[in-house]
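Subject: Structure handover

Hello,

Here is the structure we talked about, with my notes below it. Please look at the chains first and then read on.

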Amino acid sequence: MIRLSLRDLWGRKLRTALTMLAIVLGVAMIAGTYVITDQIDNGFHNIFEKAAVGTDVNITRKAAFSGSDVFSSGGALPVALLDQVRAVKGVADAAGTVEASGAVVVNGKSVSTGGAPTLVFSTAPPRFSQSKYIAGAAPARDGTVAINAKLATDKHLQVGDTIGLGTEQGQQQVVISGIFDFGNSTSIGGATLVATTVADAQRWYNQEGQYSAISVAAEPGVTPDTLAARLKTALPAYAEVKTSAQSVADNTKAVSDAIGNVLRTILLAFGGVAVIVGAFIIFNAFSITVAQRIREFAMLRSLGATRRQVLASVIGEAGALGLIASLLGIAAGIGIAKGINALFHAVGADIPTSGIALAPRTIVVSLVVGIGVALLAALAPALRATRVPPVAALHEGATLPPSVVSRYSPIIAAVAAVVGGVSLAAGMFVHGTTASRLFEMGLGAVLIFVAVAMVAKHVVRPLASVIGWPAARFAGSSGRLARENATRNPARTAATAAALMIGLAVVVFVAVFAQGFKTSFVSAVDRSVNAAIVVSGQSGGTIPDAALATVRAVPGVDQAAGVYSATTQINDGSTASMTGVDPVTFGPMWRFHWLKGGSDALLGKLTGGAALVEEQFAAKYNLSKGKSFVALGQTGTKQRFTVIGEFRDPTLLTGFTVSQNAFDRLVPSNQRDPFYIIASSSADPAQTEAAVATALKAFPTAKVQTKADYTASLKKQVDQLLTLIYALLAVSVIISVFGIVNTLVLSVYERTREIGMLRAIGTTRRQMRRIVRYESVITSIIGGILGTVLGVLFAYVVSTRLASQGITFSVPWGQLVVFLIVAGFVGVIAAVLPARRAARVNILDAIHYE
Amino acid sequence: MSDVRQQGIEIVPQACERPPSTPEPVVGAPAVVVARDLTRRYGTGDAAVDALGGVSIDLARGRFTAIMGPSGSGKSTLMHVLAGLDNPTSGAVWIDGVEITALKERQLTQLRRDKVGFIFQTFNLLPMLTAKENLVLPLTIAGTKLDEAWLATLVDAVALGDRLGHRPSELSGGQQQRVAIARALVSRPVVIFADEPTGNLDSKTGDEVLGLLRRSAGEFGQTIVMVTHDARAATVADRIVFLQDGRIELDCGRMSRDEIYDTIKSLEATSERGDGGPAR
């Protein structure tokens, strides 16, 4: 029986290939995601490992609490600690280093890193350093630096050249003393590396008298574990002592959590959508082939094959298809990963990777998903095949007995819809881990898709008659026949359209949701910021604090204020965002949306232990005016704050807002940098912007914009993200194209005799093609309409849920129309091959065709 | 050749004649379908089969012609070539004065649409269209306006008045074939080709359908060419052409069922003696 299945697959190559592609693409996305994220994880692991060579124990400052930040750190270590470390028995050598992020300026232009960081670190003695000098030497004098080989090559820099280095103290002119490779590579994942003297790094990056970390080497015979244990007892509690193996593992995990897991979850979600779309296509393909092979099954049954054997034959076919498709998908996934690597490399932001990482987990998950989906989708058609009675072999044009499933389909659909709705609601309203809530929401959405697909056959006829109206009206007989063809098997049309529906529903959801986000976020900035100029950091980073004074000194600037933000732990529980502002300068430039009778007068009372709380924060911790809460900062300081007022700002100043002084007490000095500087001006905004930009040349990471430009750039960022999401969702839409092609090819095959008759009585080839094309377009637009309706509905539900977070529901009508046109276009593309086949049907063969 | 003739003469029924050895000139012929020296060869080399071995025939306007012959005699091939569904290996066909064997695909399709009607053994109605929609399908495809009076006449003739809104699956075989006949008539083609129109029907329904075809030829002056191996069916024809081994063996006028049976039998006898195969 299995051999029969394989023969069958081989005998229908085109159909098999089309059906397979539906799985291949989805599995490829999943496999590719794992390969890429594993590569990133391994790449970072390699870097951390390489950096740790020669170091046995690593000392940093213990974080007061762990949370939001990638490398939550409690700040810096006092220089004096180094002597204490050296005094511990078993320490062969120890060195303190200072690390910070900066920017490089060559010939007056800031070096673009394509999103990768510019890491500045002080040189360490050779035994702790992985820098291999290929020219010159490590910086020995203050004012000199060494740079990594990639920067030198890219910018044609040589030893002795002068470059600018962006620091907390403004731009420094430094002379290149040497050029080095990190380990054996010219860069760490596209990052720019600058090595300075310890004294320079401390002075430039506000770390006078401090080290970021201390590297320790053990004496021969002393294991890292022993030494770490001794250091732990000898050093004060704030010192975090880790063996280098441990810190490599911790750092890898931190990066993996921050980059890999987020990226992985997002990409897997898109892969999941593609797989579900594929499932619909497999279901449809098998439903049609089973219907077409009734006589074959009946013949087998009349020859003595049991129902079980018929079931095994169809399921076996699905399994074989799933297996081959999964293997192809894994191969394609590796291809995708390589392609993305090349892409990142091409834009100069190569993520650290470590060759192709095909983990056993990747193979297992891909196979399970691919084969599982194929089997699951083919189950219902396979069960139908078993119900073919042997006598059907004798009838011409025998039809399938209605399946057990179809009798209960309204009930199943209703159950799926209800369970889906509950699951979706649970995901949105019940508290739980983000992962489990996302899973619930995803499951809910999938069930709703299934339910809609099951009942969609009932709306196919009315929808088709509306969509087909222009075709029937203006394209004459072709249009009418196409419309009739689209509705003759509503279940098939519905299932075909459902594949496109899913892809489009997600696209529409994203579009509507993004529109709401854009509207709310941008309008929040517009509403709240009462300043002409906004200075922001590069890629969401901070601006050196010293820039604030520079901005204030610019002629034309009336007032300037920094917006400082840090994470704190509230009442020894969860973390929340704390904003620090100078009420005097900040107040007039910010329009608070006061609640409960508050006014700008409250800003005058914002001193010491006073806090203004955002509505959400107040609700979460049950706070109101006069009540208090305790916040723990990374300095290890706990501070009790008393609520003096409440405001609404779900997008910008979330959490609570305190005075600059209070903020500084809770936040380590090297983290006290503003995320934004806003400045008011009574002069022309454009002129002021230019003046501020000129003044901030010394701070290459600062980006100066007028408020209008800033909001525009925010919109642009959302749009860029959208483009990326659309690109990922395009895969699902492409899969649904294959689904439509598949269905049409099968339908054309099924209707060979009709086509022959139509051609015999005078239908031209062009008319024949048109009939198929219109049917395709009608099907795809049905999918488009269903998808749009579902997408808008989902977006409405989610937006309403998130209304308190400032997300509004707003429908981008223009875009929706574009999506529907795209859906129609999908139909045109999908029809090309089947239409050609229909037009080429040999009339004579067709008339005598059985 | 000559002794075949001599032997044949004994068995040629009164209404029949041997086809002329040299065809008449085309010009001025009153025929709406004219074929000259049609050969049709399938395959190449040793596997080549000559389905038609040089057939010439003229079909006069308003006449109902039956083409008979055993399986493999080439009757279906002849009809396909005459109707422009298949291309002859050599020879030419004119329909209504147009040499269809010289036409391109597109023009041929147009000619079929405007001048030819078809009736198939398996009815070939579109399942998703109603009887009426199926009936007017050729006009719909051509984009021509419907002549309501003509439609009424047709509907009346095929006695489908109350079934017009039904889909083919709700109609009996005979009803379906009557729709198919009306469909062939609706565009008032120059000629209708019917391929075993009673092949899928029981004898009573078959007779009804044949009666309808007969009336179409009589009342509407419709030229009809019917391929059949059913002697009953052929009795309604004005002219019966017997094919054997790709050649016209006999060309007869109206015949009774018994005459047809006898003719078939004697042709089979000729064939079995092994000397009746002119195509060899």
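This is a predicted model: local features need pLDDT of at least 70, side-chain atom pairs count only at pLDDT 80 or more; totals for chains, interfaces and linings use all residues.

In chain A, strand β7 and strand β12 (residues 192-196) run parallel and are joined by five bridges. One pair to look for is L119(A), whose bridge partner in β12(A) is L193(A). β7(A) also pairs with strand β4 (residues 99-101) of chain A, this time antiparallel and through three bridges. There, E99(A) stands opposite F121(A) of β7(A).

For chain A the mean pLDDT is 83, and 91% of the residues reach 70 or more. Within chain A, the element with the lowest mean pLDDT is helix α1 (residues 2-11), at 64, and the one with the highest is helix α24 (residues 813-839), at 91. Chain B also has an average pLDDT of 83, with 87% of its residues scoring at least 70. Two stretches of chain B should be read with care. Over residues 275-280 of chain B the pLDDT is below 50, and the model gives this stretch 16 contacts beyond near neighbours in sequence. Residues 1-10 of chain B also stay under 50, with two contacts beyond four places in sequence.

Next, another sheet in chain A. It is open and has four strands in the order β3-β14-β1-β15, with antiparallel pairing. The edges are β3 (91-97) and β15 (239-243) of chain A; each has a single partner strand, so one side of each is left without a neighbour in the sheet. From one strand to the next, the twist averages 20°. Inside this sheet, strand β1 (residues 57-61) and strand β14 (residues 213-218) of chain A pair in the antiparallel sense over three bridges. V57(A) has V216(A) as its bridge partner in β14(A).

Two helices lie across these strands. Helix α3 (residues 80-87) of chain A lies across β1, β3, β14 and β15 of chain A, at about 165° to β3(A). Helix α6 (residues 224-234) of chain A lies across β1, β3, β14 and β15 of chain A, at about 170° to β15(A).

Further along chain A there is a pair of packed helices. Two packed helices are described by the angle between their axes and the distance between the axes. At what angle do helix α13 (residues 457-474) and helix α15 (residues 490-528) of chain A cross? Their axes cross at roughly 90° and come within 8 Å. Angles of 65 to 115 degrees count as roughly perpendicular, and α13(A) and α15(A) are therefore roughly perpendicular to each other. On the α13(A) side the contact is made by K457(A), V460(A) and R461(A), which meet P490(A), A491(A), T493(A) and A494(A) of α15(A). By class, this contact has four nonpolar, one polar and two charged residues.

Y408(A) is found in helix α11 (residues 404-429) of chain A. Is Y408(A) buried or exposed? A residue is exposed if 12 or fewer other C-beta atoms lie within 10 Å of its own; Y408(A) has 12, so Y408(A) is exposed.

Now chain B. Its open sheet has seven strands in the order β1-β11-β10-β4-β9-β8-β7, with mixed pairing. β1 (16-17) and β7 (116-119) of chain B stand at the edges with a single partner strand each, so one side of each has no neighbour in the sheet. Strand β4 (residues 64-68) and strand β10 (residues 239-244) of chain B pair in the parallel sense over four bridges, and T65(B) stands opposite R239(B) in β10(B). Helix α7 (residues 173-186) of chain B lies across β7 and β8 of chain B, at about 175° to β7(B).

Last, the contact of the two chains. Chain B gives 22 residues and chain A gives 19 residues. On the chain B side, α3 (105-115) and α5 (137-142) each supply at least two residues. α3(B) gives the most, with six residues. The residues of this side divide into 11 nonpolar, six polar and five charged.

Regards

Methods: Residues are numbered from 1 along each chain as its sequence is written. Chains are lettered from A and ligands numbered from 1 in the order in which they are written. Two strands pair if DSSP finds at least two bridges between them. pLDDT is the predictor's confidence in each residue, from 0 to 100. Two residues are in contact if their C-beta atoms, placed from the backbone, lie within 7 Å. Axes are lines fitted to C-alpha atoms, for helices over the stretch in contact, and angles run from 0 to 180 degrees between N-to-C directions. Angles under 35 degrees count as roughly parallel, over 145 as roughly antiparallel, 65 to 115 as roughly perpendicular and the rest as oblique. Ala, Val, Leu, Ile, Met, Phe, Trp, Tyr, Cys and Pro count as nonpolar, Asp, Glu, Lys and Arg as charged, and the others, Gly among them, as polar. A residue is buried if 20 or more other C-beta atoms lie within 10 Å of its own, exposed if 12 or fewer, and partly exposed in between; C-beta atoms are placed from the backbone.
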